Amino acid sequence: MAAVTGTSVRPTAPPGLIGTRVNRVEDARLLAGRGRYVADVTLPRIKHAAFVRAWPSHARILSIDTTRARTLPGVVAALTAADLPPATLVDGNWIPGLAKTPQPVLARDKVRFVGEAVAIVVATSRYVAEDAAELVEVDYEQLPAVDHAGRRPSGHVPILDELPDDLIYDRGESFGNPDLMFRDAPHVFVKDLALARSMAAPLECRGTVASYDPAAGSLDVWCSTQSPHLLRRRLSAASGVAEHRVRVMMHDVGGGFGQKIAAHPEELAIALASCALGIPVKWIEDRRENLMAAPHARGQRVHLKLATDDDGRFLALRARIVGDAGAYSFNAASALIEPYITARVMTGVYRIDHYGYHVAAGLTNKSPVAPYRGVGFIAAQTARELLIDEAARSLGIDRFELRRRNMIRPDDFPYRSCTGLVFDSGSYLEALTTVERMSAYDDFRCEQEQARASGRFIGLGISPYVEPTGWGTEAMNQIGWHSFPSNDSARVSMDISGKVTISIGTPSQGQGIETTLAQISAEVLGIPLDDVVVSFTDSSSAPTSLAGTRASRAAVVSGGAVGLASQDLRERILKVAGALMETDASILTVADGVITDPSEDAASMTVAEVVQKAFQLTEIRSAEPEPNFTATRFYDPGATYGNACVGAVVEVDPQTGGVRVLRIVGAEDCGTVINQVVVEGQFIGGMAQGLGGALLERLAYDENGEILTTTFMDYLLPTSTEVPHFEVEHLESPSPYTWRGIKGVGESGTIGAPAAIAAAIADALAHTGSTVDRLPMLPEDVRAMVEQGEDRG
Amino acid sequence: MKPAPFGYLAPRSVDETLELMASHGDDAKVIAGGQSLGPLLNLRLATPAMVIDLNRILELAGISAHDGDGLTIGAMTRQHDAETSPAVAAACPLLAEALPYVAHRTIRNRGTIGGSLAHSDPAAELPAVVTAVRAEMVIRSRSGERTIPAEEFFLGYFTAALEPDELLVAVRVPAVPARTTSAWQEFATRSGDYAIVGVAAVIGLDGAGVVDRASIVCSGIADVPRQLSTAQSALVGQEPTSAVIAAAVAAQHTDPPADLVGSSSYRRHLVGVLAQRALEAATERQEGNDDRPTG
Ligand SMILES: Cc1cc2nc3c(=O)[nH]c(=O)nc-3n(C[C@H](O)[C@H](O)[C@H](O)COP(=O)(O)OP(=O)(O)OC[C@H]3O[C@@H](n4cnc5c(N)ncnc54)[C@H](O)[C@@H]3O)c2cc1C
């Protein structure tokens, strides 16, 4: 059963709301089943949609006949691409050398993966819509499936005519002089790692309600999305409804993990259907659709080479990475997001001056790839850390020691990695040492020996890492991604009762944003936490965030914007208070909603009184000509990098290949901690998700490109029985480049845990001489390691 | 994931049910706990015109012990009720041991003994268990009642020896003979999942400590619960030491199918590992058995 022990060391802030362990304000609603999701939205005259989805993975569409479907009682319409304005999805994001392949909203001439939407049926209920969907007759001419990036089947037909070899990217870059270093290196270690396709699998699948009002010419959309403003742009482009008349509204989102960043073809199709029919249309995705047709992730092969000297000093690194893009490369440079980030962060927390990589990404007849928590980092982290362990074993150097010898040191900050990432601050060595202590490493080694003697195999894996967080413009530039607007604005408004509403374009998917942003604002304003609410995002009123909630950024970027806006508001309130109290505003203090003048016998007024007077008394206007209590600020932080170290202990049953994770410990550093409860939720949830990637989750296809994992009976998520006890310690290295030193932590645990678990398996089975070469490590794969060892004698 | 349209009937007695089954024939499906049929309906893998709900038929639920002569478990007995029944623990410890491996607690609160057996999933625990303990299936239709041995009940993947108008009303478990012990072993990727391979083992010893009965039945390696008959024969007449068990298990040929969760050779390997563990566990339980021969 999962449990958590958390401790915090080195608090940087004096007691205040920032840095305080307060319960999450959204939990009362979410835990009591009072969350409101898209499925809860209902409107007069609403109708329900089901998609007709492709069953072949690669085929030409010869004809679509909707006659039978349309005549079924209860059916309002059955629409194909021919019935809707031509619309495709492709975004403005761009990396030099990347071929973009727009995805049609509904397949027109060809289908390119199982589950691609071919038609929409709209009916009085989802039941009837599904009945009718079965009656839509699509005639296909099947084509050979490309099931492996870069591998052509016999009779190969390109997935996209313009890309005869299916390749969307094929480039490399070199830093320092890796050729020379490898030529002269005393030791070279090599590692291959294959990561299966897996996916975010949010508890709430995707969903959209679209309501076009022909009279007003407006389009209202409720959607389970991470990026409402981005979606609004796409909806406007597809529908022709001007952006100010498109309104995207959100309530709760039941998890996103990246899957809901991009605008999806289905969301646009539903909006277009509503426009065509002039009625509200609702689509609530089911699990089978989500597993088949929602964006997938991972799907990479990494080949890595490490050169060291006799003391184990890392001389150079080389990587060759092949990414499986899926059938389209349509959003957020998604098809490349996995392998490209893998390449750019490969050197990790180590001083490596000579590095070269080559990345190839190819289309396959599978669902397109999109970001998923820990995108790209996981492949780099797991391949590199496994390789370091293998080098340590071979060189006879302890694993902690080898890492310590090569790690970026405290006095190296700011440290510029060879690929151009500038690490602002961090606790790399300290996190490693903390995990060494938490895992009682010396005792563990004895225990491991004793266990082995009695036929039990336990292992320990360690995984120290650094990750870009926040992702402002500067961080985007550092990673080599030049066209991604990653700034936020926030509006902080105080009403006449002295209470505050925060409006942001970065909606919550349950992470705790409502709590942390309220903490920031309440601390800056000096009012109780309960006096601040973060409103649900409505694109027509929220300040624009073109990035939305993703990439461990909301606390850093939205948090900074909220902090700055709250500072502005505080100044304005104190200015008015100064006028009212006839004193110099700069000496006033504010705490718990009360403004005090320390000079005048501690004369005081409440914040609410100040605001009320400002509305009533015209005299105030000589001091503050525009006494409105709303402040909006824009924020684009400097590049900042969080770090952590995860340690995992597993027991392997060598006979069955079963792996039990006994314990996971972690030391995390996300700079200034706003709220330990929220950080631990993110870190531990991430580690649990990482456990899934390490041991359970993979999307399987057969050789015809047909997906085999279409229910949760086949796609295995970690459950409470697989997730172990977690222990977490907090380290705090505030960033010099962000508001109050905040760094992100949203993806952290997901990045670190797979490598730690994989390395623990390798450690448990070190005596076999076998290595971990894939993720997930299913029981049969673990058993194969044992058998390979037996075969070697 | 919405079912195709179907009609719904909720009879209150077995007789009424049998009438309905006879008149609807192939077009109808009975629903018990719905833990397998529910998903099949939602995925439209089953599209019956009529669903006949057994949940209001009280006479189908319940466990009766026959005074040292075994048990009768009504088809609508919830899996969790059987799992926690002292009568089951006493008269069929193998069933009590295997039940916690069936799915999760909440599913066992709804899922029924009869539903799991009638569903005839070769990966399920209960078909292997009832085969190993040589239970009998009690089947009724409008034309009467018949009883067949478990061994003859499971015909293939999701196919039981039931005509469309026949209802499984109960399973009859014989008393555990003297000096007979059992064990269940399985391996699943996650707890609560269908096992990749499961093994039910029953060992009976004669007065001299020599095996006079061995049942070894596997889930997950064929289209029906598969008895390891070569290994069974190899054990009979021997003292069940680890080495003897290992030799018997090694002599067994199996040819499991491959699928997403395991290749044929991995499954074959697991049969060996789990059969060894189950037989050793069953043998160890002889130690604490009062009926153990002395000397
Ligand atoms: C997440 C999950 C995990 C699971 N894991 C396992 C597992 O590990 N092991 C396992 O064994 N099972 C597992 N199951 C299946 C579960 O145990 C079911 O309860 C069981 O298989 C069927 O019992 P039921 O009463 O729900 O039958 P239903 O689903 O109602 O019926 C199943 C079939 O049997 C027929 N039927 C039911 N009762 C009768 C009767 N009296 N006479 C004739 N026909 C009848 C129905 O028509 C139907 O075809 C799992 C289910 C889920 C949802």
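Start with one contact: the side chain of A:Thr738 reaches the backbone oxygen of A:Ile742 at 2.8 Å. By polar contact I mean a pair of N or O atoms within 3.5 Å; within protein, one must be able to donate a hydrogen and the other to accept it, and residues adjacent in sequence count only if both atoms are side-chain atoms.

Ground rules, quickly. This is a predicted model: local features need pLDDT of at least 70, side-chain atom pairs count only at pLDDT 80 or more, and totals for chains, interfaces and linings use all residues. Residues are numbered from 1 along each chain as its sequence is written, chains are lettered from A and ligands numbered from 1 in the order in which they are written, and side-chain values use heavy atoms, with hydrogens and water left out.

Back to A:Thr738. It sits in the loop between strand E31 (725–731) and helix H18 (748–764) of chain A. Helices (H or I, at least four residues) and strands (E, at least two) are DSSP runs, numbered from the N terminus. Is A:Thr738 buried or exposed? Buried, because its relative accessibility is 8%; the cut-offs are under 20% for buried, over 50% for exposed and partly exposed in between, with a 1.4 Å probe and protein chains only. Leaving out residues up to four places away in sequence, A:Thr738 touches A:Val556, A:Tyr635, A:Pro637, A:Gly638 and A:Thr640. Contact means heavy atoms within 4.5 Å.

Now chain B, helix H1 (residues 14–24). Buried here are B:Val14, B:Thr17, B:Leu18, B:Leu20 and B:Met21. Down the axis of H1(B), they fall within an arc of 165°, so they line one face of the helix. That arc is taken from the directions from the helix axis to the C-beta atoms. On the other side, B:Asp15 and B:Ser23 are exposed. The cover over the buried residues includes strands E1 (7–9), E2 (28–31) and E3 (50–53) of chain B, among others. After H1(B) comes B:Gly25, with a positive phi near 50°.

Last, the interface. Chain A puts 31 residues in contact with 22 of chain B. The buried area is about 2300 Å², 58% of it from carbon and sulfur atoms. That is accessible area (1.4 Å probe) that two parts lose on being put together, summed over both. In chain A, A:Tyr127, A:Thr656 and A:Glu780 lose the most area to chain B, together 23% of what that side buries.

How many salt bridges lie between chain A and chain B? Four. The rule is a side-chain nitrogen of Lys or Arg within 4 Å of a carboxyl oxygen of Asp or Glu. One salt bridge joins B:Arg277 and A:Asp653 (2.9 Å, N to O).
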